[in-house]
Amino acid sequence: MSKIAIVTDSNSGITQKQAQEYGIVVLPMPFYINGQMYYEDIDLTQEQFYEKLAEGGEIKTSMPLVGDVTDKWDELLKEYDEIVHIPMSSGLSSSCETAMMLAQEYDGRVQVVNNQRISVTMRQSVLDAKMLAGQGKSAAEIKEILEKDKFESSIYIMVDTLEYLKKGGRITPAAAALGTLLKLKPVLQIQGEKLDAFAKARTVKQAKSIMIESMKNDFEKRFNSPDGKKMNLEMAYTYDSEAAEAFKEEVQEAFPNNEIVMNPLSLSVSCHIGPGALAIACSKIIE
């Protein structure tokens, strides 16, 4: 049985501390804030990130530096036979495509998984990869399984403010102004490829209701699991953990058969949607 290292990046929401506990490697995502580079969860905490966001700092996301990726692979391959590398969705960043190109130089020992996930659903893929490696699957087999199930996931996100979507050019200033005037709480979705509009709510309460009902619908119609027994259920949030805990109680009531895993949204998504966002997500359990 070959010895396999599981590598991901901090878009999975897995902290460096958790990575040690899980026995995996998390590459920290680089961010440029007012021209200075920081690494997520190394010299940039969630709290510091939101402080700089609130101060109006110019924040740019970046993919992991090529040298950081290959240096880590080279280091791991001294101890491990193979690597399964799980970056964020290729629909949201070019880091996946870059990693695939770099892996071509490693004679099949590095398998890059393009499974179209981000944040809590990406985290689940990493845990699934670790489980499959423990069952004796090869890196190529793990890649095949994860990519086969890549669209078996769903995320709905309520945005508290339109300011950051406007700043990132994802909505026009006119639409942002109208939305702010009407006090809209947009619900966005990530169904694999990218962040898309899903619904417009007038209140937080309505937005929560839309997300819960949409997830129930997905369980029943998309995943053929109305009782939730085939599903992992996850939640995420930006900045406001108290609001997230309150929403978690509502979600748990709606899905009594599911254990809910909740984590902060990764900073690469957070910088586009701002603080106060709430998300509910699911992924199909790998048999």
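This tour moves from the nonpolar cores of the structure to one pair of helices.

The model is predicted: local features need pLDDT of at least 70 and side-chain atom pairs count only at pLDDT 80 or more, whereas totals for chains, interfaces and linings use all residues. Residues are numbered from 1 along each chain as its sequence is written, and side-chain values use heavy atoms, with hydrogens and water left out.

Begin by selecting F31, L44, F49, I59, I155, I157 and I273, which touch the most other members of the largest nonpolar core, a set of 31 residues. Such a core joins buried Ala, Val, Leu, Ile, Met, Phe, Trp, Tyr and Cys residues through side-chain atoms within 4.5 Å; buried means under 20% relative accessible area (1.4 Å probe, protein chains only).

Next, colour the elements that each supply at least two residues of this core, including β3 (30-33), α2 (46-54), α5 (119-134) and β8 (153-158). Helices (H or I, at least four residues) and strands (E, at least two) are DSSP runs, numbered from the N terminus. The largest contribution, four residues, comes from α11.

Now centre on I155. Leaving aside residues up to four places away in sequence, I155 touches I118, T121, L188, Q189, I190, A279, I280 and A281 (contact: heavy atoms within 4.5 Å).

Finally, select α5 together with α6 (residues 139-148). The axes of these helices, lines fitted to C-alpha atoms over the stretch in contact, come within 10 Å and cross at roughly 140 degrees. In this contact, S125, D128, A129, L132 and A133 of α5 meet I142, I145 and L146 of α6.

Methods. Buried means under 20% relative accessible area, exposed over 50%, partly exposed in between (1.4 Å probe, protein chains only). Axes are lines fitted to C-alpha atoms, for helices over the stretch in contact, and angles run from 0 to 180 degrees between N-to-C directions.
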